Amino acid sequence: MKCKRYKAKPLTVESCPLPEDRVSDTVAFEVTGVDLAGPLFLKGGLKVWIELFTCAVYGAVHLELVASLTTDSYLMAFRRFIARRGRPRTVYSDNGTNFRGTYNELSTVDWKKVVREANINRILWKFNPPTASWWGGFRERLVRVIKEL
């Protein structure tokens with residue numbers, strides 16, 4: 001009896017396509033990822049965090065300093081970001097309590113009335129799954145760069 005030899009086929013890995021809003025041509029920061037880096041300790045013992053806003057299409061970065069991890073502190077940083085860079089259409093983030101709190105506060109707004117009277121659409125907020133720490137790589141990679149600096 002003769003043994004059959006099996007030749008191993010080379011493994012081919014197909015990568016998943018990126019979401020449509022990450023590869024379409026848009027204005028910078030129209031699709032934004034947000035994350036925190038820190039804490040940092042300033043002279044005098046003040047503890048601050050860096051709020052990192054990343055353009056998901058072009059990789060541009062906008063940094064804001066926040067003095068606490070509260071929803072109000074994040075909302076102020078988000079307002080400063082919008083004043084400087086424009087209002088994003090989509091925001092990607094992890095499930096931090098400050099990001100969830102902002103999402104919950106924005107959910108209480110009557111968006112039908114806002115769209116009707118101000119012609120401003122609702123910001124689409126996309127959260128990572130709670131246990132998927134590997135999601136949001138385009139943000140996490142830049143957090144590492146900031147921490148190394």
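Analyst: A pocket, as the word is used here, is an open set of grid points where protein lies on both sides within 12 Å along at least five of seven lines. Its volume is the space filled by probe spheres set on the points. The model is predicted, and all values below are computed from it.

In the second largest pocket there is about 170 Å³ of space. The residues that line this pocket are Leu75, Phe78, Arg79, Ile82, Arg87, Leu106, Trp111, Val114, Ile120 and Ile123. Two helices, H2 (71–85) and H4 (111–118), each give at least two residues to this lining. Helix H2 provides the largest share, four residues. Sorted by class, the lining of the second largest pocket consists of eight nonpolar and two charged residues, with no polar ones.

The structure has one cavity of 30 Å³ or more, and the largest cavity holds about 30 Å³. Its lining is made up of Tyr103, Leu106, Trp111, Arg122, Ile123 and Trp125. Leu106, Trp111 and Ile123 therefore belong to both linings, since a lining residue is one with an atom within 4 Å of a point. In the lining of the largest cavity, five residues are nonpolar, one is charged and none is polar.

For context, the largest pocket has a volume of about 240 Å³. Strand E5 (124–127) and helix H5 (137–148) each contribute at least two residues to the lining of that pocket. By class, six residues of that lining are nonpolar, two are polar and three are charged.

Terms used: Residues are numbered from 1 along each chain as its sequence is written. This is a predicted model: local features need pLDDT of at least 70, side-chain atom pairs count only at pLDDT 80 or more; totals for chains, interfaces and linings use all residues. Side-chain values use heavy atoms; hydrogens and water are left out. On a 1 Å grid over the protein atoms alone, a cavity is a set of points where a 1.4 Å probe fits but cannot get out, and a pocket is an open set with protein on both sides within 12 Å along at least five of seven lines; lining residues have an atom within 4 Å of a point. Ala, Val, Leu, Ile, Met, Phe, Trp, Tyr, Cys and Pro count as nonpolar, Asp, Glu, Lys and Arg as charged, and the others, Gly among them, as polar.
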